[in-house]
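Q: Please take a close look at one part of this structure, the chain contacts. Which chains meet, and what does each side bring?

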Amino acid sequence: MQWGNVIIQGVLIGGLYAMFAAGLSLIFGVMRLVNIAHGDLIVLAAYVALMVRQALGIDPLTSLILVTPIMAAIGYALQRGLLNRTLGDDLLPPLLVTFGLSVIIQNGLLELFTADSRRLQAGAIEIQTFQVAEGLWIGVLPFIQFAVAVIVIAALQSLFYRTPLGRAFRATSDDQAVAQLMGLDTRHVFAMAMALSLAVIAIAGVFLAVRANFDPAIGPARLIFGFEAVIIGGLGNMWGTLAGGIILGVSQAIGAQIDPGWQLLAGHIVFLAILAVRPQGLFPKVSG
Amino acid sequence: MSRVQHATRSSQIGVALIAVALVVLALAPFWAERATLRLLAEIFTFVALASLWNLLAGYAGLVSVGQQAFVGLGGYFLFALVVLLDAHPVAAIFIAGPVGALVAVPVAALVFRLRGAYFAIGTWVVAEVFRLLASQVSVLGGGSGISLPAGAVIAMAASRQMREFEIYWLALALTALVLAAMVALLRSRHGLALTAIRDNELAAQSNGIDVWRIKFVVYVLTAFGTTMIGALIFLTKLRISPETAFSVNDWTAFVIFITVIGGIGRIEGPIIGTIVFFVLRQALADLGSFYMLMMGVVAIVVMLWAPKGLWGLIAERFGWQALPLQRHLLLAPRDSGAKL
Amino acid sequence: MPDPLLEVRGIDVFYGDFQALFGVLLCVNAGEVVTVIGANGAGKSTLLKSIAGLMPLGRGDILFDGARISAAAAFDVVKRGIALVPEGRRLFPSLTVEENLLIGGQSRRPGPWTLKRVYELFPVLAERRRLPAPALSGGQQQMAAIARALMSNPRLLLCDEISLGLAPIVVRDIYERLPAIVAEGLSLIVVEQDIAQALKAARQVYCLQEGRIALQGQAGELTRESISAAYFGV
């Protein structure tokens, strides 16, 4: 059942893409900011995990305990120190500043770590599989990553709709001035949103580092995958983003099966097709 | 009769200086060294690319991080015509323009469905698609690329020196054409609409300006120019590969930094920005990726604290303009008898 | 005489180059209801926004409970005990009615106003607590906006044109609940174009005309003529 395994692999990597996308759409939802450096921050997280591993020798999944708060702190500082200044009606500053940030991160990583390809070893779990049906196998690690992605998205939904912080996010996104009248320091709210986004990025980055070779230049591609997952799935809907990620992953897997050079192209073509035919995405949030 | 006057004292000086500069530059093959000629040609192409990006982002409000799609398209089109059809390289450059415009039409139809920063990333995706498609075309070298055949190179001119002069003059001519076309556009009625869009898009729309159509036209025209410049660039390089043709760093990052530092939304900005950029490059060339890092920092600093760029600072301070683009209404004298 | 709860000392407020308020002086004593009336564009909303910390002062000072709040940010001002019911209600559309109230209580000070108490005052809100805020009628939204402001347990409540766009019977219904709010120890500044309601509810009257205080006095003592003259500037 060749195709069956191909589809399964596509679905599982779709979970990773959905995690790339979750951080991106969270920020857009709260402050209408699209972070062009998003993909590079994922790569930064991978390198942070690398450094933690080299310093402490712990396995990648455990290192998340350190990497996540580190990235969250970076996110808070980044928003509070830099990105809050770009928010406003003009579209150019946030776009160009995050673009500049992307260049800075890429070249900074290049200076510190060189262009060498790295990988984070996770041990035996990397090659373990389990069988679900006749001829159908699922990798343990990809499965764990998918499960974590689902948990992360569920946690984000829960946070947004059931907690005071989530209320603060939604209120600030609706009306900044009135949110201040509620006693919310919007600078802090935005910084918390970015910290949360970077926490999700941390998880995505560690999974990326274990799953594939990484180097300073692969950031933009991750941004694009996340972006495509958001657009395919539909803006404003986290579960739609998961669906978008899965569709993207499956498209890429099918493309790769036809011809290895067609992997990325297949994903882009599906994205462009959906953009052409149903630009609001497959599962957009209905209300305005 | 009342009329609109574009020139100011500073712009008259500016135009005179530019005319002098053009003459001097046109004669450069006779006074400059080979290396200087190459550098000047490179400067011209970046002025052209940055000016085109400025038209798109600074005036029409379309921030594209995917213009490398058209640079690479121009390069590959040139190589395709030369390698497959034995065409003359210079002719290929001029055919590349309309081809770029034609390709831009369906691309715009797609990416215009996205807004703001999502539009930007969308243009990036399109560039990636072009790059991946180029890697699939094996007659043009596939993933590793191809060199320009010797026969085509010789077809341009007999001696290497004449070829380099030709490329230099082409670069100068194309850049001057791009700038002249931009000035003409901005002085026209459509240019007035564009400037209105630049200043306040919502207000422009409520004044009856068809914003969508103007943006579409600007996108296609920019693609026209960018594709031609792309063809010229790769004629100069004599070799093309998907990575170099569609490089975000070379054709978008540098262009954005140049325009931001020089001044977005003013035609003089990219010119100033390119000069600053190349001065910095000569000074810091050995530092490699640290240099790119510094450019990123400078761009961020400028964007936050001097959003109108260097030219913006100077022009606001002194009220200058180098090219006659402002509009002053000169009212007719009272006794002309004209009734409103 | 105890010090006033709120003192606005000769404030000038600007929108860019345009001056909206000229040396406005105003006092609110504890437990008092003050009304500020004036035509459209007179500067009433600007005054409330300046007190609430949404607008910076060009000149002058604002003292609350003896402390200077002139430079305080809006999120700080509400923590000190001043809550604004903004013009046009401005409930959060992405939140339900109850969530709007809860977020009003984000910076709650100690006091009697809880979700339960607020639902007692406005029972119609309790019935609709799980609906998204935009699903409410204009009058219900106004009640929700007032309730949301109460949730922070302010000492001073600023009401910006609560009658705007509402039918007279609805307006009366809302105004009938104000005494219950005052009874709990709140002071009120009520900004209104609807003079009749405002004069019934308030003790102190200020009339703003083109950014300046044109008239000030006790509600019972001012004549119709003097109010008209101040309101319209004739």
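A: The answer below takes confidence first, then the contacts of each chain pair, then the sheet and the salt bridges.

This is a predicted model, in which local features need pLDDT of at least 70, side-chain atom pairs count only at pLDDT 80 or more, and totals for chains, interfaces and linings use all residues. Residues are numbered from 1 along each chain as its sequence is written, chains are lettered from A and ligands numbered from 1 in the order in which they are written, and side-chain values use heavy atoms, with hydrogens and water left out.

The model scores ipTM 0.91 and pTM 0.90. pLDDT is the predictor's confidence in each residue, from 0 to 100. Chain C averages 91, and 99% of its residues score at least 70. Chain B has a mean of 87, with 96% of its residues at 70 or more. Helices (H or I, at least four residues) and strands (E, at least two) are DSSP runs, numbered from the N terminus. Within chain B, helix 5 (residues 89-111) has the highest confidence, at 95, and strand 4 (residues 328-330) has the lowest, at a mean of 70. Over residues 336-340 of chain B the pLDDT is below 50, and beyond near neighbours in sequence this stretch has zero contacts in the model. Where pLDDT is low, the predicted coordinates should not be read in detail.

Now the chain pairs. Contact means heavy atoms within 4.5 Å. Two pairs of chains are in contact, and chains A and B share the most contacts. Chain B and chain C do not touch; their nearest C-alpha atoms are 18 Å apart.

Take chains A and B. Chain B brings 38 residues to the contact and chain A brings 39 residues. Buried area is the accessible area (1.4 Å probe) that two parts lose on being put together, summed over both. Between chain B and chain A this comes to about 3600 Å², and carbon and sulfur atoms give 85% of it. On the side of chain B, Tyr118(B), Ile121(B) and Trp124(B) lose the most area to chain A, together 19% of what that side buries. Four helices of chain B each supply at least two residues of this side: helix 3 (34-59), helix 6 (116-136), helix 13 (248-262) and helix 15 (289-305). Helix 6 of chain B gives the largest share, 13 residues.

What is the make-up of the side of chain B that touches chain A? Its residues divide into 29 nonpolar, seven polar and two charged. Here Ala, Val, Leu, Ile, Met, Phe, Trp, Tyr, Cys and Pro count as nonpolar, Asp, Glu, Lys and Arg as charged, and the others, Gly among them, as polar. A salt bridge is a side-chain nitrogen of Lys or Arg within 4 Å of a carboxyl oxygen of Asp or Glu. Between chain B and chain A the count is zero. A polar contact is a pair of N or O atoms within 3.5 Å; within protein, one must be able to donate a hydrogen and the other to accept it, and residues adjacent in sequence count only if both atoms are side-chain atoms. Three residue pairs (both at pLDDT 80 or more) make such a contact across the interface of chain B and chain A.

Next, chains A and C. This contact takes 20 residues from chain C and 18 residues from chain A. The two chains bury about 1800 Å² between them, 63% of it on carbon and sulfur atoms. Phe75(C), Phe92(C) and Ile103(C) supply 32% of the area that chain C buries against chain A, more than any other three residues. The interface of chain C and chain A holds two salt bridges. Asp175(A) and Arg90(C) meet in a salt bridge through their side chains, at 2.9 Å, N to O. Five residue pairs (both at pLDDT 80 or more) are in polar contact between chain C and chain A. Helix 2 (74-80) and helix 3 (97-104) of chain C are the elements that give two or more residues to this side. The residues of chain C here divide into twelve nonpolar, four polar and four charged.

Chain C also has a sheet. Its four strands form an open sheet in the order 2-1-4-5, with antiparallel pairing. Two strands pair if DSSP finds at least two bridges between them. Strand 2 (18-28) and strand 5 (67-68) of chain C are the edge strands. Seven bridges join strand 1 of chain C to strand 2 of chain C, with Leu6(C) partnered by Val28(C). These two strands form a hairpin with two residues between them, and Gly16(C) in the turn has a positive phi of about 65°. Strand 1 (residues 6-15) and strand 4 (residues 59-64) of chain C share five bridges.

Last, salt bridges over all chains: the count comes to 21. Asp185(A) forms one with Arg80(A), the closest N and O atoms being 3.8 Å apart. Asp185(A) lies in the loop between helix 7 (176-181) and helix 8 (186-211) of chain A, and Arg80(A) in helix 3 (residues 60-81) of chain A, so the pair ties together parts that are 105 residues apart in sequence.
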